[in-house]
Amino acid sequence: MALVELRNIRKTYHLGGEVIHALDGVNLDVDQGDFTSIIGPSGSGKSTLMHILGCLDTPSSGSMKLDGMDIHTASTRQLAKIRGEKIGFVFQFFNLLPKLNVAQNVELPLIYQGTPGRERSKRAMLALDMVGLQDRAKHRPSQLSGGQQQRVAIARALVNDPRILFADEPTGNLDSHTGELILETFCKLHEEGRTIMLVTHDPEIAALTPKKIEIRDGKIAQDVDAKLSGKQTRFQFKRTTPSSS
Amino acid sequence: MNPWDTIYLGIKEIWAHKFRSMLTMLGIILGVSSLVAMSALVKGMENGMKEALVAMGGLEKVRVEFQDDLPAYQKHLTDQAPGLLMKDVFALQAGAPLVENITPIVEQHGYRTRINVTYQNKRARPWRLYGTWPGILELEDHRVRHGRMFTELDNEMARSVCVIGVELRNDLFGDPEKTGEEIIPIGKTIRINGQPFTIIGMFEHYMTEKERKELELERLRALENPQPGGVVRDKGRKGSGPSGYVFRLKNNSIFIPLQTMMIQFRAAAGLDETADPRLSGIYMKVRDINVLETALQQIRNVLLVSHGGIEDWSFRTEEDLADGIQLTIKNFRMSGVIIAAIALVVGGIGIMNIMLASISERIREIGIRKAVGATNADVFVQIIIESLVIAVVGGLLGLAVSVMLVNSITAFTPTENDPVVTVEAMLFAFSCSAMVGIVAGMIPALKASKLHPIQALKYD
């Protein structure tokens, strides 16, 4: 069974009497261990799709299942719980809390799950270890470089051991070299068997991922394996088939 | 979410904006401290008034007084009204077991009936001349400081003896404040309306707590910088506040035995130049304040019989005074509470304002928290706790400030009744501050919890 199942998802906005179909009947399956990129021009609805996939938003109609649970009928409280337990987010602008230090930022999702303090810091250190920033635990986000901040954000997304990781233009705010490092981190996570969805407008980045979904005008225009497209990219990573766990 | 984490988070958030939080707390500090200080002042005032009530003989005292204004249906019987007589006293002693210490009293107003008290070339005018039984000592809360009270034997023999208040000693023999030595005139013979009376006792100097303090303060000042010589002059009567009258009255009274009064001042005092056997009143004490109503009914029944059904008397209890005190206290307390409530409301608005500002600069943070799994309730509780922490810390500081405030009030006005800080007032004020914190946090918390995560995340 697919980890995420979208069936005929629609999202409609009403802006001053004008009706905008941000998503217009999207069907999508994401399997365990998939590394998928969602690509499309701005305004295509890719962000909306990711928000719905990430349970930040609810569809206007259609059905959605995540890990066997019906999402389209869930209450806001249930959605918050699902976000806390099953989903990790990495944003374009890092979205770290400036008043907290790195370790506290990483701990944040655990606080809302009621994890006791000692276990929280243990797991936060483990997550920081995964992104190689254990020695920066006591630093403030403002004392780190952009790439380091994004790695802290990845650690935060990983700390609750989510079923699926969403990244919204994770390299959009970084220079190309740092961006590569971040993408490398994602590839590594993919190799470890994590399910990752990456939203981007950059076809070169999208070409890196085994699966690619192209969105245009709120519809899926292309749902192909990147391997089949055969495009060459400037990124040269060793690619392995995902271990199915 | 663990509540301790939430509280920790709230304290941290407030600590991050120390100055802003401090200013916000100021409103709560003022509200709480004014509430506590006000109630302390009122409590001090209440104590002063209760003091006067005790000086009058307490709530248990019942006075039966002659009243020639009969009830409407008995108006035609006015000329048959017997008045209060000694037989009523004996009837009450026999027939009203709920009251004790039944004491007849004949009272002469010093000014209305022009009573002159003289000693050698000095003259004084007492406020009251009482002819009564020794039992009056307990009823009126009198304390004999020098000599003795007259006894039942003195009464029986109708001896010409008297017990005087301190003011009369001051007028006739000299004020220790001016002469510098205390004269105890026991054994001296004074004349009351020309008739010789031997002083056998003198009461203590009754004064309010306030007067006592004033006196003490004056003595201290005199010790610190003694005035060299000069003419000592009376600077007029000192104001002694609303409760001072009772004390001055007691200091200006003369007591003589009832029989002496009847023989020497009442034997030919009636309008028709015949002896007047009527008493001005019968004082007594109810055995238990809880049966006051029943006791009054009992007295009424006895007197109705002995007066042949004519109701030519009235009851005087101190209930009116007590009610008056209650009312005054209630009014003061009410105005205090209103002032403090206004201060607290202003403080609460301050908190609400700062919380609204705080959440609008943290919209993004709220979005992030929601994205990583915070429920609406988590966000709501977090904001409420922050507001509560401000209010509670402000409340605690306010309690500290209130103690200082009360101390400084005492320092500035040492002669007033001491304000009394009560634990109840502190608890009340503190819980008020906590409540204000919760109420003030409600709207900002609701606003924050209702934010949509995506819009909050996109907010700059």
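Among the contacts in chain A between residues at least 6 apart in sequence, what percentage join residues at least 24 apart?

Tutor: The share in chain A is 70% of the contacts between residues at least 6 apart in sequence, where a contact means that the C-beta atoms of two residues, placed from the backbone, lie within 7 Å. This is a predicted model, in which local features need pLDDT of at least 70 and side-chain atom pairs count only at pLDDT 80 or more, while totals for chains, interfaces and linings use all residues. Residues are numbered from 1 along each chain as its sequence is written, and chains are lettered from A and ligands numbered from 1 in the order in which they are written.

Chain A contains eight helices and 10 strands; helices (H or I, at least four residues) and strands (E, at least two) are DSSP runs, numbered from the N terminus. Of its 245 residues, 46% are buried. A residue is called buried if 20 or more other C-beta atoms lie within 10 Å of its own, exposed if 12 or fewer do, and partly exposed in between, with the C-beta atoms placed from the backbone.

Four strands of chain A form an open sheet in the order 2-1-4-5, with antiparallel pairing; two strands pair if DSSP finds at least two bridges between them. Strand 2 (18-30) and strand 5 (69-70) of chain A are the edge strands, each pairing on one side only. Strand 1 (residues 4-15) of chain A is joined to strand 2 of chain A by 10 bridges and runs antiparallel to it. Across this pair, A:Val4 has A:Val30 in strand 2 of chain A as its bridge partner.

Strand 3 (residues 35-39) of chain A has another setting. Five of its five residues are buried, so strand 3 of chain A is largely enclosed by the rest of the structure. The cover extends to both faces: A:Phe35, A:Ser37 and A:Ile39 are buried on one side, and A:Thr36 and A:Ile38 on the other. Strand 3 of chain A pairs in the parallel sense with strand 8 (residues 195-200) of chain A over five bridges, and A:Thr36 stands opposite A:Met197 in strand 8 of chain A. Strand 3 of chain A also runs parallel to strand 9 (residues 211-216) of chain A, to which four bridges join it. There, A:Ile39 has A:Glu214 in strand 9 of chain A as its bridge partner.

The largest nonpolar core has 119 residues, of which A:Val106, A:Ala155, A:Phe166, A:Met197 and B:Val36 touch the most other members. Such a core is a set of buried Ala, Val, Leu, Ile, Met, Phe, Trp, Tyr and Cys residues joined through C-beta atoms within 7 Å. Leaving aside residues up to four places away in sequence, B:Val36 touches B:Leu399, B:Ser402, B:Val421, B:Ala425, B:Met426 and B:Ala429. Apart from this core lies another, of 50 residues, including B:Phe150, B:Ile164, B:Ile199 and B:Met284.

Where the chains meet, 21 residues of chain A and 18 residues of chain B take part in the contact. On the side of chain A that touches chain B, helix 2 (76-86) and helix 3 (102-111) of chain A are the elements that give two or more residues. Helix 2 of chain A gives the most, with seven residues. By class, the side of chain A that touches chain B has eight nonpolar, six polar and seven charged residues. Here Ala, Val, Leu, Ile, Met, Phe, Trp, Tyr, Cys and Pro count as nonpolar, Asp, Glu, Lys and Arg as charged, and the others, Gly among them, as polar.

The partner may be described briefly. Chain B has 16 helices and 12 strands. Its radius of gyration, taken over C-alpha atoms, is 33 Å, well over the 23 Å that the globule rule (2.2 Å times the number of residues to the power 0.38) gives for 460 residues, so chain B is more spread out than a compact globule. The C-alpha trace of chain B spans about 105 × 70 × 30 Å along its principal axes. An automatic or database domain assignment gives chain B domain 1 (3-53 + 325-458) and domain 2 (58-218 + 239-317). The C-alpha centres of domain 1 and domain 2 of chain B are 55 Å apart.
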